[in-house]
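Thank you all for making time this morning. I would like to walk you through one model, and I ask you to keep the display in view while I talk.

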Amino acid sequence: MATNGQTNGNGTAKRPIRIAGASGGFTDRQRAIHSLAQCDVDVIVGDWMSECTMSWHGAAKSSILAKGDNSERPGLYDPSFMANLTPALPLLAEKGIKLAVNAGASDTEMLAKAVEKAIAEGGLTEKLKVAWIQGDEVLDVVNKLLKEGEKFENICFGGELKDWGFEPVAAQCYLGGAGIAEAFRQGANIVICGRVADAAPTIGAAMWWHGWNRDTDFDQVAGALIAGHLVECSSYVCGGYYSGFKELFDGCENIGFPIAEVFADGSCALIKEPGTGGEISVGTVASQLLYEIQGPQYYGSDVVAVLEGIVMTQEGKDRVMVTGVKGKPPPTTTKVGLTAHGGYQAEFHFLLVGLDLEQKAEWTERQVRASMGKNVDRFSCLNFTLNGYCPEDPRNQDVATVDFRVFAQTKDRSLVIKDTMEVPGFNRWCLENFLQSCPGATIENDIRQSAGKEFFEYWAALIPQKEVNHQLKLMWDNQTIDIPPSPTMELYSTRQWSYETKDPIPLSTFGPTTRCPIGFRVLGRSGDKASDANIGLFIREADEWDWLRSFLTIEKMIQLLGPEYNGKLVERFEIPGIKAVHFLLHDHLDRSYNATSTYDGLGKNVCEYLRAKYVDVPNSFLRRGRI
């Protein structure tokens with residue numbers, strides 16, 4: 001029975017399933033599962049994984065296995081998950097709430113056994129059955145296909161895996177939700193996954209509840225994919241990272257977790273945990289929809305969702321209805337992320353103050369480079385960046401102080417092995433110029449970052465779904481169930497359609513303008529997928545839509561990016577139902593989070609940078625006030 005006493009599972013169409021999003025990453029709040037179990041929900045989903053943590057866990061497992069005996073090794077699953085889950089187990093059992101999570105990382109079975117142990121210790125074995133999903137670890141499959149001629153072209157910047165220059169030590173692919181749906185059909189209460197796609201737990205729960213046929217019900221499954229995308233990052237959809245955040249200060253210390261009501265036709269309504277901060281509005285939901293998408297089609301292992309027709313309607317306080325999602329058959333491939341040891345990286349920070357900052361930065365860089373001499377060529381990456389500026393007539397010394405960052409990467413550990421001052425190497429080359437520095441230069445009082453740490457390179461490609469051994473493991477009866485890909489799979493191009501707006505309106509027709517930040521009227525959101533960055537910009541008022549779509553061309557985006565533009569492909573499409581223009585910036589993020597040399601390793605900053613850029617905004621819009 002569901003939490004409100006109604007029967008769930010397969011059968012005729014019934015009330016919507018209520019799916020709560022408990023986690024968007026390992027840094028999320030630990031109260032989530034227990035708090036959401038107190039709500040009226042049927043399933044709780046959560047994602048403790050990311051491209052970053054996939055690399056960490058995968059590389060660590062590879063190192064352990066290479067040493068031989070691993071019988072007593074710690075589990076390489078998310079270390080915070082059990083503390084989040086365990087307090088909620090009695091409530092899950094009492095109310096019949098199911099759970100499906102991405103938390104297993106590189107040791108899904110070990111985490112499933114840890115969950116079983118906690119259940120037994122709580123005396124709940126008769127009430128909670130555990131299943132886990134296998135098949136996402138595919139390094140052996142990748143190596144086999146390489147020998148057979150598979151190229152594994154990088155989906156961000158092209159090129160073949162054989163030319164990468166690094167040796168993969170781990171590979172994880174993104175599985176779909178079909179295994180989770182089957183687990184629930186078989187009676188599982190808790191399903192532990194290692195790397196299913198972020199939205200897959202929601203897809204699996206909705207497929208199970210509504211009895212959809214994944215080989216025919218593409219619109220419905222695609223709707224669940226979008227519902228899953230909206231709740232997969234927990235509080236983002238309730239106001240986290242929202243560019244209209246100034247309206248949400250009351251309660252910002254405890255923004256609520258989301259709940260999606262997924263209907264039998266695939267449409268969904270978003271609400272949130274009661275008695276919490278934040279809000280569910282068209283703005284917050286649109287913001288999350290635009291996060292980390294890659295184009296007009298959203299590819300999942302179970303289905304492809306077409307985004308251009310999505311419409312959002314505010315049905316009441318903290319309730320938004322999402323409709324208009326269209327589905328297409330699943331792709332023949334799924335994404336695979338490969339991890340390799342990249343080498344070692346270190347950084348050193350000088351604090352510069354006041355006037356002539358660019359000249360002070362140049363002075364410092366010339367001195368450090370001179371100290372390095374020919375050793376400069378031993379670094380695979382060596383960047384000097386001045387970050388920040390001193391405003392006119394600064395109000396205090398801190399705001400007049402900026403960071404001059406020296407960032408280095410190398411495969412030669414000896415260059416960065418020590419953080420002491422007496423050993424020749426990166427640290428010493430930065431330090432030894434201190435007494436001939438530019439005026440006001442200071443070094444940070446903690447120089448531990450100048451000692452090298454290992455970093456990982458990441459390669460994103462596609463792998464045929466038919467090569468993936470997707471399996472469901474039922475722990476209570478030691479049963480294994482194969483989850484084959486759908487026979488309806490279709491081949492899709494790796495490049496999506498991109499276009500400028502149809503019938504643009506001359507900007508002069510919008511009347512007099514004032515030059516000011518575009519973010520005074522335009523909201524937005526950005527994110528990352530490997531080394532690609534995406535940006536979605538949207539407005540609230542209907543009469544501002546024609547201006548936004550006409551103004552934001554690809555050429556204008558490149559102009560706004562300024563020196564941040566890397567000369568690579570920029571793609572564009574529109575979602576008129578939420579008054580949004582979306583851009584994909586190919587290979588914008590310097591190799592992805594674990595290897596990036598920039599501050600914005602996750603692509604979350606680029607939108608706010610663009611919202612601060614000055615453009616000509618119609619006065620009629622500005623009279624409505626600034627966001």
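Predicted model: local features only at pLDDT ≥ 70, side-chain atom pairs only at ≥ 80, totals over all residues.

Residues are numbered from 1 along each chain as its sequence is written, and side-chain values use heavy atoms, with hydrogens and water left out.

Helices (H or I, at least four residues) and strands (E, at least two) are DSSP runs, numbered from the N terminus. H11 covers residues 357-372, 16 residues in total, and reaches 23 Å from its first C-alpha to its last, close to the 22 Å expected at 1.5 Å a residue, where the expected span is 1.5 Å times one less than the number of residues. Its buried residues are Leu357, Lys360, Ala361, Thr364, Gln367, Val368, Ser371 and Met372. They cover an arc of only 140° around the axis, which puts them on the same side of H11; the arc is that of the directions from the helix axis to the C-beta atoms. What covers these residues includes strands E14 (333-353), E15 (381-387) and E16 (401-410), together with helix H12 (426-431). After H11 comes glycine 373, whose phi is positive, near 60°.

One of those covering strands, E16, contains valine 406, which is buried, with a relative accessible area of 0%. Leaving aside residues up to four places away in sequence, valine 406 touches Ala346, Glu347, Phe348, Phe350, Leu382, Asn383, Phe384, Phe426 and Cys430, contact meaning heavy atoms within 4.5 Å. The C-alpha atoms of valine 406 and glutamate 365 are separated by 8.4 Å, although the two are 41 residues apart along the chain.

Now to the sheets. 11 strands form an open sheet in the order E11-E12-E8-E7-E1-E2-E3-E6-E4-E19-E20, with mixed pairing; two strands pair if DSSP finds at least two bridges between them. Strand E11 (311-316) and strand E20 (479-482) stand at the edges, each with a single partner strand, so one side of each is left without a neighbour in the sheet. Within this sheet, E7 (residues 258-262) and E8 (residues 268-272) run antiparallel and are joined by five bridges, and valine 262 has cysteine 268 in E8 as its bridge partner.

A further open sheet has four strands, in the order E22-E23-E25-E24, with antiparallel pairing. Here E22 (523-529) and E24 (570-575) are the edge strands, each with a single partner. Six bridges join E23 (residues 532-538) to E25 (residues 580-585), and phenylalanine 538 is partnered by alanine 580.

Finally, how many disulfides does a search of the whole structure find? The search finds zero, a disulfide being a pair of cysteine sulfur atoms within 2.5 Å. For cysteine 173, the nearest cysteine sulfur, that of cysteine 193, is 12 Å away, and cysteine 173 counts as buried at 0% relative accessibility. The sulfur of cysteine 233 is 12 Å from the closest cysteine sulfur, in cysteine 238, too far for a bond, and cysteine 233, at 10% relative accessibility, also counts as buried.

How values were computed. Buried < 20%, exposed > 50% of the residue type's maximum accessible area, 1.4 Å probe, protein only.
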